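Visitor: Could you walk me through this structure, one feature at a time?
Guide: Gladly; here it is.

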Amino acid sequence: MKKVITIISLIVIIFVALICTNKVYATEQAIDEETESKLVEIKEKNANSLEDYKEKYGSDAYGVVAYILNLVRIYSIPLCFLGIAIGAIHQYVIGIRKLDTLEKGMGLIVTFVTLLIICQILPLAFAVFVKFGRG
């Protein structure tokens, strides 16, 4: 009986959420000249940063690799913290009742911490290699 009530209440909540939301349509008027100029500035800034890396490292290949490693370094932080949180949930919340989930949670935490450390140190190691290793 509780399952039926839960399922019906979920269906009602989803139905009400779909009906009560307003649809937003993007029109050409929404993008005015000011917004367009800001978008162009952001695009040019990203292109300039790639050019800056190419200029700093003295080679197109090294510049592109350094730019990609910087992006990996930036985006790995929230993804790894999300993975660590999921691992903690598996270990401390679900793992109380199931021992196999406890081990899975610990494995996720160790994996994501290791991945985070690698992603943060890799750009530094690349910069040191290029600076001192090329001779």
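Predicted model: local features only at pLDDT ≥ 70, side-chain atom pairs only at ≥ 80, totals over all residues.

Visitor: Which residue does the side chain of Glu51 meet in a salt bridge?
Guide: Its partner is Lys54, with 4.0 Å from N to O. Lys54 is partly exposed too, at a relative accessible area of 22%. The two sit three residues apart in helix 2 (residues 33-57), so about one helical turn separates Lys54 from Glu51.

Visitor: How many salt bridges does a search of the whole structure find?
Guide: The search turns up one.

Visitor: Let's step back, then. How many helices and strands does the protein chain have?
Guide: There are four helices and zero strands. Of the 135 residues in the chain, 17% are buried.

Visitor: Now for packing. What describes two packed helices?
Guide: The general idea is to give the angle between their axes together with the distance between those axes. Take helix 3 and helix 4 (residues 99-133) here: their axes come within 8 Å and cross at roughly 165°. Angles over 145 degrees count as roughly antiparallel, so helix 3 is roughly antiparallel to helix 4.

Visitor: Is the crossing of helix 3 and helix 4 left-handed or right-handed?
Guide: Helix 3 passes helix 4 in a left-handed crossing.

Visitor: And how many nonpolar, polar and charged residues are in the contact of helix 3 with helix 4?
Guide: The contact has 26 nonpolar residues, eight polar ones and two charged ones.

Visitor: One more residue, please. Where does Leu79 lie, and is Leu79 buried or exposed?
Guide: You will find Leu79 in helix 3. With a relative accessibility of 58%, Leu79 counts as exposed, because the cut-off for exposed is over 50%.

Visitor: What distance separates the C-alpha atoms of Leu79 and Phe112?
Guide: They are 8.7 Å from each other, although 33 residues apart along the chain.

Notes:
Residues numbered from 1 in each chain as written. Heavy atoms only, no water. Axes fitted to C-alpha atoms, helices over the stretch in contact; angles between N-to-C directions. Parallel < 35°, antiparallel > 145°, perpendicular 65-115°, else oblique. Left-handed = near helix turned anticlockwise from the far one by under 90°. Nonpolar A, V, L, I, M, F, W, Y, C, P; charged D, E, K, R; others polar. Buried < 20%, exposed > 50% of the residue type's maximum accessible area, 1.4 Å probe, protein only.
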